[in-house]
Amino acid sequence: MKAIVVTDQAAGTAGMTLTERPEPEPAINDVAVRIHASGFVPTEMAWPSTWTDRLDRDRAPSIPGHELAGVVTALGYGTTGLSVGQRVFGLTDWYRDGTLAEYAAVEARNLAPLPGDVDFTVGASLPISGLTAWQGLFEHGHLQAGQSVLAHGAAGAVGAMVTQLAREAGAYVIGTGRAADRQKALDFGAMEFVDLDNDTLEDVGEVDLVFDVIGGDIQKRSAGLIRAGGTLVTVVGPPEARPAHGLAIDFVVESDRAQLGEIVQRVRDGRLRTNIGNVATLDDAVAALNPTERREGKTIIRVRP
């Protein structure tokens with residue numbers, strides 16, 4: 001099969017190459033999936049799991065990408081809950097070869113059925129951004145109707161999901177980003193927007209929940225905005241700052257079939273819009289994932305037409 005592989009951590013995405021790899025065999029509780037579309041997060045190149053296995057052994061050349069939408073082609077021994085020919089989408093294990101390929105072997109529990117009226121491109125755009133937003137807001141942030149949310153990077157793939165899901169849950173959402181992101185953040189449902197280059201973040205006042213995708217100085221300043229009992233949720237590693245009278249939580253997104261089902265149902269209902277930017281073929285993936293200028297939205301690799 002055709003696949004994108006990486007062999008040199010220092011080279012990052014520039015070290016990607018398109019090559020031939022053997023098709024993966026499904027292990028116990030796995031399914032083999034013929035991939036139609038794949039998502040990719042640029043920070044994967046810095047994740048230890050891209051380069052080593054759980055025992056810290058080198059696993060390069062590895063296939064990156066952990067989001068997929070496709071069709072089940074085979075079941076591993078003991079696999080239940082999915083069937084051959086079924087449309088699926090989901091999030092693959094960080095330590096296994098990923099989804100920038102024509103086929104992948106995935107634990108069945110990491111996948112959810114993809115309804116027939118949802119395009120594979122849309123399905124592949126949902127797992128990381130949708131689950132990250134869902135888990136950060138509801139599992140870790142315990143968001144309630146009437147609370148206020150400061151959503152950093154509100155025009156990005158995760159931030160757009162945070163903004164929409166928080167609004168639907170009855171929260172007041174303040175988005176942040178660059179000046180050029182203002183209208184997009186408002187279009188996704190932010191009630192206010194803070195230009196982090198030109199506006200004063202502290203003018204926001206107190207909020208119940210900060211969803212941090214930036215870290216650093218912005219995270220530290222945001223911690224000071226959280227009212228008593230509030231929460232700073234971050235996805236950029238252990239918090240560097242903590243609210244004086246609240247919680248600071250960092251987490252790594254996990255696949256969850258029920259949550260994937262909730263997210264895709266909202267897409268079908270028109271309550272949730274994806275933030276897809278560029279769509280490229282597997283043959284063009286290396287160039288697409290090494291953009292020369294800032295891209296808006298998530299890049300999706302369409303593996304099959």
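A pocket is an open set of points, on a 1 Å grid over the protein atoms alone, with protein on both sides within 12 Å along at least five of seven lines; lining residues have an atom within 4 Å of a point. Grid points are joined across faces, edges and corners, and a volume is the space filled by probe spheres set on the points. This is a predicted model: local features need pLDDT of at least 70, side-chain atom pairs count only at pLDDT 80 or more, and totals for chains, interfaces and linings use all residues. Residues are numbered from 1 along each chain as its sequence is written, and side-chain values use heavy atoms, with hydrogens and water left out.

**View 1. The second largest pocket.** This pocket holds about 230 Å³ of space. Its lining consists of Arg54, Leu91, Thr92, Asp93, Trp94, Glu107, Arg109, Asn110, Val253, Glu254 and Ser255. Sorted by class, three are nonpolar, three polar and five charged. Here Ala, Val, Leu, Ile, Met, Phe, Trp, Tyr, Cys and Pro count as nonpolar, Asp, Glu, Lys and Arg as charged, and the others, Gly among them, as polar.

**View 2. The largest pocket.** About 1400 Å³ of space lies here. The lining has 43 residues, and the closest to the pocket centre are Val41, Pro42, Thr43, Ala157 and Val158. Helix 3, helix 4 (157-168), strand 9 and strand 15 (298-302) each supply at least two lining residues. Helices (H or I, at least four residues) and strands (E, at least two) are DSSP runs, numbered from the N terminus. The lining divides into 21 nonpolar, 13 polar and nine charged residues.

**View 3. Two cavities.** A cavity is a set of grid points where a 1.4 Å probe fits but cannot get out. A search of the whole structure finds two cavities of 30 Å³ or more. The largest cavity has a volume of about 40 Å³. Ser125, Ser129, Ala157, Met161, Thr274, Asn275 and Lys298 line the largest cavity. Two of these residues are nonpolar, four polar and one charged. The second largest cavity holds about 30 Å³. Around the second largest cavity sit Thr92, Asp93, Arg96, Asp97, Ala105, Val106 and Glu107. That lining has two nonpolar, one polar and four charged residues.

View 4. Two strands pair if DSSP finds at least two bridges between them. Strand 9 (residues 172-177) pairs with strand 10 in the parallel sense over four bridges. In one of the pairs, Ile174 has Glu192 of strand 10 as its bridge partner.

View 5. Axes are lines fitted to C-alpha atoms, for helices over the stretch in contact, and angles run from 0 to 180 degrees between N-to-C directions.

**View 6. Helix 3 meets helix 7.** The axes of helix 3 (residues 127-140) and helix 7 (residues 257-269) come within 10 Å and cross at roughly 110 degrees. That makes helix 3 roughly perpendicular to helix 7 (65 to 115 degrees). Helix 3 makes the contact (heavy atoms within 4.5 Å) through Pro127, Gly130, Leu131, Trp134, Gln135 and Glu139, and helix 7 through Gln259, Leu260, Glu262, Ile263 and Arg266. Five of the contact residues are nonpolar, three polar and three charged.

**View 7. Two backbone exceptions.** Most residues other than glycine have a negative phi, and most peptide bonds are trans. A cis peptide bond joins Ala60 and Pro61, with omega about 0 degrees. Pro61 is in the loop between helix 1 (48-51) and strand 4 (67-75). Asn29 is not a glycine, yet has a positive phi of about 70 degrees. Asn29 is in the loop between strand 2 (17-20) and strand 3 (30-39).

Note on methods:
Parallel < 35°, antiparallel > 145°, perpendicular 65-115°, else oblique.
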